[in-house]
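Thanks for making time for this one.

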Amino acid sequence: MSSMLLPLKRYADFDGRSTRREYWMFFLFQFMVSIVINVVSLIGASMDSGFVAGLAAVVGVVFALAMLVPGIAVSIRRLHDIDKSGWQLLWGFVPIAGAIIILVFMVTPSTNGSNRFGPAPAPL
């Protein structure tokens, strides 16, 4: 659980390195919260409760905006962990191929030992 929330503690820290585990656990955390928000929205819509569905939509937007900076930060630190520049994250703007490139980067094993972005992160 601590690795899920570690990127929130390092909210806007774009320096250093993050392990694959830290990146994917944070991704899983965001996914699970989004599922809960969507289920609440669907329940509200099925009960014809515009208030509940609308509230869930607002909470979803606020959550997405709140996770934007930590998500970018942990992604850049993950790229640093494989000895790539954070600017490589811009590949995500290239349709289809960019998503595949980013996915490959995010599943690539960490660089052993220190690299130009600092020492290897301590295991969680």
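Predicted model: local features only at pLDDT ≥ 70, side-chain atom pairs only at ≥ 80, totals over all residues.

Y23, W24 and F27 form one aromatic cluster, where rings of Phe, Tyr and Trp (its six-membered ring) pair if their centres lie within 6.5 Å, with planes under 30 degrees apart counting as stacked, over 60 as edge-to-face and the rest as tilted. By this rule the count comes to four aromatic pairs. The rings of F29 and F63 have centres 6.3 Å apart and planes at 70°, so this pair is edge-to-face. F29 belongs to helix α2 and F63 to helix α3 (residues 50–81), so the pair ties together parts that are 34 residues apart in sequence; helices here are DSSP runs of H or I with at least four residues, numbered from the N terminus. F29 and F63 are both buried, where buried means under 20% relative accessible area, exposed over 50%, and partly exposed in between, with a 1.4 Å probe and protein chains only.

Residues are numbered from 1 along each chain as its sequence is written, and side-chain values use heavy atoms, with hydrogens and water left out.

On confidence, pLDDT being the predictor's confidence in each residue, from 0 to 100, the protein chain has a mean of 92, and 100% of its residues reach 70 or more. Confidence is lowest in α1, at a mean of 84, and highest in α4, at 96.

How do α1 and α2 pack? Helix α1 (residues 2–9) and helix α2 (residues 20–46) pack at an angle of about 90°, with their axes 7 Å apart, the axes being lines fitted to C-alpha atoms over the stretch in contact, and angles running from 0 to 180 degrees between N-to-C directions. The two helices, α1 and α2, are therefore roughly perpendicular to each other, a term that covers 65 to 115 degrees. The contact (heavy atoms within 4.5 Å) involves, among others, L5 and L6 of α1 and M25 and F29 of α2.

Finally, the backbone. Most residues other than glycine have a negative phi. D83, although not a glycine, has a positive phi of about 65°; it sits in the loop between α3 and α4 (97–107) and is partly exposed, at a relative accessible area of 30%. I96 also has a positive phi, near 60°, and lies in the loop between α3 and α4, but I96 counts as exposed, at 68% relative accessibility.

Definitions and conventions: Parallel < 35°, antiparallel > 145°, perpendicular 65-115°, else oblique.
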